Amino acid sequence: MTQGLLIALYLFTLAGFLGLDVIRKVPPTLYGALAMGIGTAAALSIVVALPAAAASSSDVSAILTVAAVAFASAGVVGGLLRTKRALRGREGNPREGNPRKSKREGNS
Amino acid sequence: MMASLAAFAIPVLSIISALFFIMGLKLMGRLRSAARGNILLGLGVAVALVGLAVSGVHFGSQLGTNLVWVGVGAGVVLGLLIGLGSKVEIGAGVGPLLASTGGIAAAAVAIAAFLHDEAWPWPSTFALQGGPRGAALGLAVVAGAAALMLGSFASVGPPAHGSGQPAAVALAASASGWAAAMVGLAMGSPIVATVGGLVATAGWTLAVMVAAALGRKPFDVVFGGDRRGGIDDYSNVKACGPEEAAMVLETARKVVMIPGYGMAVAQAQHALADLAKMLALRGATVVYAIHPSAGLIPGHMNILLDEAKVPAGQLMEWEAANVELADADVALVVGANDVVNPATQNDSHSAVYGMPLVDAGLARTVFVIKRSLRPGAAGVKNALFELPQTNMIFGDSKKVLQAIGSELKVQTPRSAAA
């Protein structure tokens, strides 16, 4: 028991400090998309919701866990799509391309 | 043999998944790589689900299996509807509530877990027991409720129509992360505990950042609390630093410079011309919008820019410049105020009504370098500063332009860009 608690605290503390650092300088144009992206990551709770739904044995827990699975999968699918569209709406033109290529286009 | 293979595969897949999430969030912070970051987040979820599959979840009964499929089916349909429907911008609507779904789901699982025996739904070496488990589940429910509340505020509350909305969404995501982490800890799912913790603090960090750009505190943004004094006429003015401006300029294809009297005062024409040259070297098209009455005397801007050896071909009269602005990525306003005031066109009571307008607001992103929000010569408020795509950079024009230039050099060394 104490071992589980220690490992859990260890993981959570390390991950928490990493989260403080992983978001550093962000251009204001990306605030909205990044907020949605972080929300998508939180929907990873689907990983606990799925086995919970599979194991549910009573009516109440069945309803709760099915709702959990539905919410979390909506969060994953909708979050990814919304973030993608928010990015495209912000960018408007291909930013992913090779900078060298875009330079040539710009000069021609 | 199979058992040992699975026992080996699960931690490996969990680690890969966590790395995808960390890299994904990191890449999403840069314009150039944001789309790739989003794909990595998706892969992170996918890998975690594969890990769950090989762990051999017990679909104890036919009922359990059916429940899972019903839930997944309903969720995917709902996700597609919200994801593909309504408007593109995060905007008002149910979109922001998506950031709460992870937390709501975690809270629902936590409540269900209360109703069952210890170690439900599956035994894990890492699962908490007894008091700590109850505490973690309780915290998950509280955090899930907070996520729901914050997500609702982001959808319909005070932030829904302002620049503060990303702060509310980020706080909702942060609360969702707390809820997920707590359930992950209680149930003994290392990947959910790790990513939940990551999300909890990353969301908070982003919310603080967005609120700071608005000159406010995160919770004031969400609940419409009092704003800091000093800026009486303006609401929803965002500020940022030279670094953030450089990050946007770095990927811009077309940039319109809009100089004004402030550039003349700060003698910033050389710094501006230098920055324009750097952007051109990175493949951007750069033009200057010259307003007939910018500066002290007609032609003031032309004289100064000529002194900085800006090619005459890059200088454009205001009407031609407005055509360029319509598809410009960035409008960089340097010490101009009244000449970019939309009230010249749309407010017949304004002192500046009827003047020509360099319509900076047409550009996708607007940066305004200014010493403060003080009004210009005409003494009127400027609605451009409150547009959602506008970011103020407060400071001396020359120093700010030089800072943007040196940030550009750091972010994309010439060798990589040219």
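Which residue stands opposite B:M257 in β4(B)? Hold on to that question while we walk over to the sheet where the answer sits. One thing to keep in mind on the way is that you are looking at a predicted model.

The sheet belongs to chain B. It is an open sheet of six strands, and if you read across it you meet them in the order β3-β2-β1-β4-β5-β6, with parallel pairing. The edge strands are β3 (315-317) and β6 (390-394) of chain B, and each of these pairs on one side only.

Strand β1 of chain B, residues 254-259, runs parallel to strand β4 of chain B, residues 330-334, and five bridges join the two. Here is our answer: the residue opposite B:M257 is B:L332 in β4(B). Next, look for helix α11 (residues 269-281) of chain B, which packs on this sheet and touches β1, β2 (285-290) and β4 of chain B. The direction of α11 makes about 175 degrees with that of β1(B). Another helix to find is α13 of chain B, residues 318-326. This one lies across β1, β2, β3 and β4 of chain B, and it runs at about 105 degrees to β3(B).

Let's step back and see how chain B is divided up. Its domain assignment gives domain 1 (1-54), domain 2 (100-228) and domain 3 (242-417). Where do domain 1 and domain 2 of chain B meet? Eight residues of domain 1 are in contact with six residues of domain 2. On the domain 1 side, the elements that give two or more residues are α1 (2-27) and α2 (34-54) of chain B. Of the elements on that side, α1(B) gives the most, with six residues. Sort the residues of that side by class and you get five nonpolar, three polar and no charged.

Staying in chain B, there is a helix pair worth a look. Two packed helices are described by the angle between their axes and the distance between the axes. For helix α6 (residues 165-187) and helix α7 (residues 190-213) of chain B, the angle is about 160 degrees and the axes are 7 Å apart. That is why α6(B) and α7(B) are roughly antiparallel to each other. The way α6(B) passes α7(B) is a left-handed crossing. Their contact has 19 nonpolar, seven polar and no charged residues.

Time to bring in chain A. Across the boundary between the chains, 84 residues of chain A are in contact with 117 residues of chain B. On chain A's side, the elements that give two or more residues are α1 (2-22), α2 (31-42), α3 (46-55), α4 (59-91) and α5 (99-107). Which element of chain A gives the most to the side that touches chain B? It is α4(A), with 28 residues. By class, this side of chain A divides into 53 nonpolar, 23 polar and eight charged residues.

Two helix pairs show how the chains meet. In one of them, α2(A) packs with α2(B) at an angle of about 10 degrees, the axes being 10 Å apart. That angle makes α2(A) roughly parallel to α2(B). Here too the crossing is left-handed as α2(A) passes α2(B). If you want to find the contact, pick out A:A33, A:G37, A:T40 and A:A41 on α2(A), then B:A34, B:G37, B:N38 and B:L41 on α2(B). The residues of this contact divide into four nonpolar, four polar and no charged.

The other pair joins α3(A) to helix α4 (residues 98-114) of chain B, with an angle of about 40 degrees and axes 9 Å apart. This crossing is left-handed. On α3(A), look for A:I46, A:V48, A:A49 and A:A52, which meet B:A105, B:V109 and B:A112 in α4(B). How does this contact divide by class? It has seven nonpolar, no polar and no charged residues.

Key. Residues are numbered from 1 along each chain as its sequence is written. Chains are lettered from A and ligands numbered from 1 in the order in which they are written. This is a predicted model: local features need pLDDT of at least 70, side-chain atom pairs count only at pLDDT 80 or more; totals for chains, interfaces and linings use all residues. Two residues are in contact if their C-beta atoms, placed from the backbone, lie within 7 Å. Helices (H or I, at least four residues) and strands (E, at least two) are DSSP runs, numbered from the N terminus. Ala, Val, Leu, Ile, Met, Phe, Trp, Tyr, Cys and Pro count as nonpolar, Asp, Glu, Lys and Arg as charged, and the others, Gly among them, as polar. Domain bounds come from an automatic or database domain assignment. Axes are lines fitted to C-alpha atoms, for helices over the stretch in contact, and angles run from 0 to 180 degrees between N-to-C directions. Angles under 35 degrees count as roughly parallel, over 145 as roughly antiparallel, 65 to 115 as roughly perpendicular and the rest as oblique. A crossing is left-handed if the near helix is turned anticlockwise from the far one by less than a right angle, and right-handed if clockwise. Two strands pair if DSSP finds at least two bridges between them.
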